Amino acid sequence: MSFMERFSLKGKKIIVTGGAQGIGRAVSEAMADCGAQIGIFDMNIELARKTAAEISERYGAKVQAFQCDVTAPQQVDQAFCAFLDSFGELDGVFNNAGICQHKEATEVSCDEWCRVVDVNLNGIFLVAQAAGRYFINAGKRGSIVNTASMSGHIVNIPQPQASYNASKAGVIQLTKSLAVEWAVKGVRVNCISPGYVGSDMVTLVRQDWQDTWLGMIPYHRYCEPQELAGAVIYLLSDASTYTSGCDLVIDGCFTNI
């Protein structure tokens with residue numbers, strides 16, 4: 001294998017959770033362009049099917065949609081089985097589904113807190129667990145890339161989002177824990193920690209908050225979703241076979257100040 005071939009995803013079968021839109025869609029497009037075959041897991045199956053069809057048509061890749069609530073173990077297992085029935089095997093997972101809630105800690109209900117943690121942390125674990133079981137049982141050297149956040153490293157201002165920050169910090173530690181536990185099995189687990197990304201989760205919130213964020217980012221702009229793709233592709237490719245337990249911060253220098 002040549003050096004450049006190590007960065008290729010040609011022929012690799014990859015699951016993307018939360019892949020119907022935003023970061024998940026942008027990274028799915030980049031991976032398809034690099035030769036991957038992709039299963040998009042999303043709760044919104046109609047949007048996921050539309051996204052899958054558009055990516056498939058544009059890049060000539062096999063892309064298929066699967067309905068999945070990542071917080072429901074049975075649905076995760078069923079979606080994995082459906083993916084394997086269709087694709088035959090699994091090489092990697094971009095574990096990306098997540099939500100955010102801006103609410104004062106004193107006002108957050110137990111249900112609201114648990115919902116954020118359930119999607120952002122428990123969902124990441126359930127999908128990683130399913131992938132890990134498959135790789136280990138198949139004796140396969142697979143790769144899992146989780147989406148954490150710079151919010152797992154710092155406390156963002158001025159918005160109140162303790163549930164989000166705590167859940168993303170948990171993703172970083174979960175990533176490191178699984179990486180160490182599965183190292184001898186040949187299963188790599190890494191994560192990316194994006195800064196403010198120009199998706200609906202950021203661009204549809206209060207303008208005064210956005211003005212504050214843009215003033216604080218050294219680049220003075222949001223990250224484009226496709227700017228995360230290179231990191232994910234590297235971590236899923238054979239170019240990163242000695243990289244595990246890594247948290248790659250992609251935040252336009254935000255956490256450096």
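A cavity is a set of points, on a 1 Å grid over the protein atoms alone, where a 1.4 Å probe fits but cannot get out; lining residues have an atom within 4 Å of a point. The largest cavity here is lined by Gln101, Lys103, Ala105, Val108, Trp113, Gln161, Ala162 and Ser163.

This is a predicted model, in which local features need pLDDT of at least 70, side-chain atom pairs count only at pLDDT 80 or more, and totals for chains, interfaces and linings use all residues. Residues are numbered from 1 along each chain as its sequence is written, and side-chain values use heavy atoms, with hydrogens and water left out.

## Empty space

Rolling a probe the size of a water molecule over the atoms shows where empty space is left. The structure holds one cavity of 30 Å³ or more. The largest cavity holds about 40 Å³ of space. A volume is the space filled by probe spheres set on the grid points, which are joined across faces, edges and corners. The cavity lining divides into four nonpolar, three polar and one charged residue. In this scheme Ala, Val, Leu, Ile, Met, Phe, Trp, Tyr, Cys and Pro count as nonpolar, Asp, Glu, Lys and Arg as charged, and the others, Gly among them, as polar.

A pocket, by contrast, is an open set of points with protein on both sides within 12 Å along at least five of seven lines. The largest pocket has a volume of about 930 Å³. Its lining has 43 residues, and Asn96, Ala97, Gly98, Ile99 and Met201 are the closest to its centre. Which elements each supply at least two residues of that lining? They are α1 (22-33), β2 (37-42), α4 (110-138), α5 (162-182) and α6 (200-203). Helices (H or I, at least four residues) and strands (E, at least two) are DSSP runs, numbered from the N terminus. By class, the lining of the largest pocket has 20 nonpolar, 18 polar and five charged residues.

The second largest pocket holds about 280 Å³ of space. It is lined by 14 residues, and Arg141, Gly142, Gly186, Arg188 and Thr241 lie nearest its centre. The classes here are four nonpolar, five polar and five charged.

## Salt bridges

Side chains of opposite charge can pair when their charged atoms come close. A salt bridge is a side-chain nitrogen of Lys or Arg within 4 Å of a carboxyl oxygen of Asp or Glu. The whole structure has 12 of them.

| Salt bridge | N to O distance |
|---|---|
| Glutamate 54 and arginine 25 | 2.8 Å |
| Lysine 140 and glutamate 89 | 3.3 Å |
| Glutamate 227 and arginine 221 | 2.9 Å |

Take the pair of glutamate 54 and arginine 25. It links distant parts of the chain: glutamate 54 sits in helix α2 (residues 45-59) and arginine 25 in helix α1, 29 residues apart. Both also belong to a network of salt bridges that links Arg25, Glu29, Lys50, Glu54 and Arg58.

Now the pair of lysine 140 and glutamate 89. Lysine 140 lies in the loop between α4 and β5 (143-147), and glutamate 89 in the loop between α3 (73-87) and β4 (92-95), so the pair ties together parts that are 51 residues apart in sequence. Is lysine 140 buried or exposed? Lysine 140 counts as buried, at 18% relative accessibility. Buried means under 20% relative accessible area, exposed over 50%, and partly exposed in between (1.4 Å probe, protein chains only). Glutamate 89 counts as partly exposed, at 29%.

## Surface and core

Phe3, Met4 and Phe7 form a nonpolar patch on the surface, with about 360 Å² of accessible area together. Patches use residues with over 30% relative accessible area and no salt bridge: like charges are joined within 9 Å, nonpolar side chains (Val, Leu, Ile, Met, Phe, Trp, Tyr) within 5 Å. Areas come from the Shrake-Rupley method with a 1.4 Å probe; for residues, only the protein chains shown count as cover. Methionine 4 is found in the segment before β1 (13-17). Methionine 4 is exposed, with a relative accessible area of 60%.

Isoleucine 233, in helix α8 (residues 229-236), is buried at 10%.

## Backbone exceptions

Most residues other than glycine have a negative phi, and most peptide bonds are trans. A cis peptide bond joins isoleucine 157 and proline 158, with omega about 0 degrees. Proline 158 is in the loop between β5 and α5. Histidine 220 has a positive phi of about 55 degrees. Histidine 220 lies in the loop between α7 (207-216) and α8, and is exposed at 53%. Cysteine 253 has a phi near 75 degrees.
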